[in-house]
Amino acid sequence: MKAFRDLSILCILIIVLFSNHCLANFELKLDSPNKALSCNFELFEGKLFYRIFHKEKLIIDKSKLGYRFQSNNNLVENFTFIDSISTTHFSIWDLVWGEQDSVINYYNELLVTLRNDESDMDLNIRIRAFD
């Protein structure tokens with residue numbers, strides 16, 4: 001009987017820890033390749049925020065991010081973190097005319113997937129930080 005009680009307590013503890021992890025607040029940071037620009041993306045109490053820095057100086061203070069529609073499917077709060085993927089892109093492309101012969105396209109990207117718990121919709125947010 002004691003083993004069953006201990007197993008029940010362990011299962012409840014695992015469920016509580018897992019549910020807290022899914023609803024947890026978090027912050028992700030994306031830097032430009034030369035580290036001059038950075039974007040902090042934050043999920044706090046189900047709401048999305050971002051901040052922009054240039055050489056560690058705050059340029060855009062904490063700003064709320066979301067969508068309001070005429071229908072009731074607003075994507076403003078009640079988000080849960082699903083996944084994030086970081087990538088780097090580098091390419092050079094030639095201009096037809098202009099002062100430069102070519103343009104370097106170099107950036108880091110963060111793709112964040114969130115689920116809106118009210119509408120059961122997924123939201124993909126793609127953030128790019130260029131040099």
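Here is a short chat about this predicted model and the terms used to describe it.

Me: What should I know about the model before we start?
Reply: It's predicted, so local features need pLDDT of at least 70, side-chain atom pairs count only at pLDDT 80 or more, and totals for chains, interfaces and linings use all residues. Residues are numbered from 1 along each chain as its sequence is written, and side-chain values use heavy atoms, with hydrogens and water left out.

Me: How do you know which parts the predictor is confident in?
Reply: Look at pLDDT, the predictor's confidence in each residue, from 0 to 100. The protein averages 83, and 82% of the residues score at least 70. Over residues 3-13, though, pLDDT stays under 50, and the model has zero contacts there beyond four places in sequence (a contact means heavy atoms within 4.5 Å). Residues 15-22 are also below 50, with two contacts beyond near neighbours in sequence.

Me: What makes something a strand or a helix here?
Reply: They're DSSP runs, numbered from the N terminus: H or I for at least four residues gives a helix, E for at least two gives a strand. This protein has one helix and seven strands, in the order α-β-β-β-β-β-β-β along the sequence.

Me: Why is Tyr 106 called partly exposed?
Reply: Buried means under 20% relative accessible area, exposed means over 50%, and partly exposed is in between (1.4 Å probe, protein chains only). Tyr 106 has 31%, so it counts as partly exposed.

Me: What makes Phe 90, Ile 92, Ile 104 and Tyr 106 a patch?
Reply: Patches take residues with over 30% relative accessible area and no salt bridge; like charges are joined within 9 Å, nonpolar side chains (Val, Leu, Ile, Met, Phe, Trp, Tyr) within 5 Å. These four form a nonpolar one on the surface, with about 410 Å² of accessible area together (areas come from the Shrake-Rupley method with a 1.4 Å probe; for residues, only the protein chains shown count as cover). Strand 5 (79-94) and strand 6 (102-116) each give two or more residues to the patch.

Me: What makes a set of residues a nonpolar core?
Reply: Its members are buried Ala, Val, Leu, Ile, Met, Phe, Trp, Tyr and Cys residues joined through side-chain atoms within 4.5 Å. The largest one here has 16 residues, and Phe 41, Leu 48, Phe 79, Leu 114, Ile 125 and Ile 127 have the most contacts inside it. Strand 7 gives the most to this core, with four residues. As for Leu 114, its contacts outside four places in sequence include Phe 26, Phe 41 and Ile 125.

Me: How do you know that Arg 51 and Glu 27 form a salt bridge?
Reply: A salt bridge needs a side-chain nitrogen of Lys or Arg within 4 Å of a carboxyl oxygen of Asp or Glu. For Arg 51 and Glu 27 the N to O distance is 3.1 Å, so the pair qualifies. Arg 51 lies in strand 3 (residues 47-54) and Glu 27 in strand 1, so this bridge ties together parts 24 residues apart in sequence.

Me: Which other residues pair up like that?
Reply: Lys 29 and Asp 31 do, with their closest N and O atoms 3.9 Å apart. Glu 109, Arg 126 and Arg 128 are linked in a network of salt bridges, and the structure holds eight salt bridges.
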